[in-house]
Amino acid sequence: MSHDFVILCAAGMLVSVYLMVGQKALFVTIRLYALQSLLLGAVGVAMGLEQHRYHLFVTAALTVGLKGFLIPWFLMRVVDRVGIRREIEPYLNVPSSLLICLGLTVVGYRVSLGMAAADQGAPHQVVGVSLSMLLMGLFLMVTRKKALTQILALLPIENAVFLVALGAT
């Protein structure tokens, strides 16, 4: 049961990165990052309960508090003070970006199949999602023109690294 919940949360995180690729509104992108961080906190809680590692509750609480609420609040304040409402234009259009991200997802899962524990179910899925999110975050950083949107592309990379750390343990 817990494995299914972890896989569902990881899939939700992957979907949120896809939605970030298609967004031009900064506020929506920031909210998607907050949702992604909340799902990451839920993965931490589920793995803490399943494996009786109660120190994961502290990391989940910090993730939800800092990455789910404080950082998005701060970024929204910055966007509001600067007065940016929409990203001017990415280097690639949305359909092309989504197709490239689909290919990056396939690459991420393909690379995760070559790892030692590729037949273990939930850890394999989590590592596949993490690698896909990492590649898509790097793609977002390359295709965004403004510094603030590149920072917003760096945040899913951070969540991907944290997710693979949770999945590897």
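These questions and answers walk through a predicted model of one protein chain.

Reader: Let's begin with the overall fold: how many helices and strands does the protein chain have?
Author: Happy to start there. Read along the sequence, the chain follows the pattern α-α-α-α-α-α. The count is therefore 6 helices and 0 strands, with helices and strands taken as DSSP runs.

Reader: What radius of gyration does the protein chain have, next to that of a compact globule?
Author: The C-alpha atoms fill a box of roughly 45 × 35 × 20 Å along the principal axes. For 169 residues, a compact globule would have a radius of gyration near 15 Å. The chain agrees with that, because its own value is 16 Å.

Reader: And what share of the contacts with a separation of 6 or more comes from residues 24 or more positions apart?
Author: Contact here means heavy atoms within 4.5 Å. Among the contacts in the chain with a separation of 6 or more, residues 24 or more positions apart account for 73%.

Reader: Which residues make the nonpolar surface patch of about 620 Å²?
Author: One member, Phe74, has its place in helix H3, which covers residues 55-82. The complete set for this patch is Val58, Leu62, Leu66, Leu70, Trp73 and Phe74.

Reader: Which side chains meet in a salt bridge, and at what N to O distance?
Author: By the rule used, the count comes to 1 salt bridge. One partner lies in helix H6 (residues 147-168) and the other in helix H3, so the pair ties together parts that are 91 residues apart in sequence. The side chains are those of Glu158 and Lys67, at 3.9 Å.

Reader: Which residues does Gly44 touch, not counting residues up to four places away in sequence?
Author: Gly44 sits in helix H2. Its relative accessible area is 2%, so Gly44 is buried. For scale along the chain, Gly44 and Phe27 are 17 residues apart, with their C-alpha atoms separated by 26 Å. The residues that Gly44 touches are Leu56, Ala60 and Leu166.

Reader: What is the phi of His52?
Author: Most residues other than glycine have a negative phi. His52 is found in the loop between helix H2 (26-51) and H3, and His52 is exposed, with a relative accessible area of 55%. Although His52 is not a glycine, its phi is positive, at about 55 degrees.

Reader: How are the rings of Tyr54 and Phe57 arranged as an aromatic pair?
Author: The rule used gives 1 aromatic pair. Tyr54 and Phe57 are 5.6 Å apart, centre to centre, with 45 degrees between the planes. Planes under 30 degrees apart count as stacked and over 60 as edge-to-face, so this pair is tilted.

Reader: How exposed are Tyr54 and Phe57?
Author: Both residues fall in the partly exposed class. The relative accessible area of Tyr54 is 48%, and that of Phe57 is 27%.

Reader: How far apart in space are Pro123 and Ile7?
Author: Pro123 is placed in helix H5 (residues 122-143). At 23% relative accessibility, Pro123 counts as partly exposed. Pro123 and Ile7 are 116 residues apart in sequence, yet their C-alpha to C-alpha distance is 8.7 Å.

Reader: Finally, what separates the C-alpha atoms of His124 and Tyr33?
Author: His124 is also found in helix H5. With 10% relative accessibility, His124 counts as buried. His124 and Tyr33 are 91 residues apart along the chain, and their C-alpha atoms are separated by 23 Å.

Technical notes: Residues numbered from 1 in each chain as written. Predicted model: local features only at pLDDT ≥ 70, side-chain atom pairs only at ≥ 80, totals over all residues. Heavy atoms only, no water. Patch = residues over 30% accessible without salt bridge, like charges linked within 9 Å, V, L, I, M, F, W, Y side chains within 5 Å. Areas by Shrake-Rupley, 256 points an atom, 1.4 Å probe, with all protein chains shown as cover. Salt bridge = Lys/Arg side-chain N within 4 Å of Asp/Glu carboxyl O. Helix = DSSP H or I, 4+ residues; strand = E, 2+ residues; numbered from the N terminus. Rg over C-alpha atoms; globule rule 2.2 N^0.38 Å. Buried < 20%, exposed > 50% of the residue type's maximum accessible area, 1.4 Å probe, protein only. Phe/Tyr/Trp six-rings, centres within 6.5 Å; stacked < 30°, edge-to-face > 60°.
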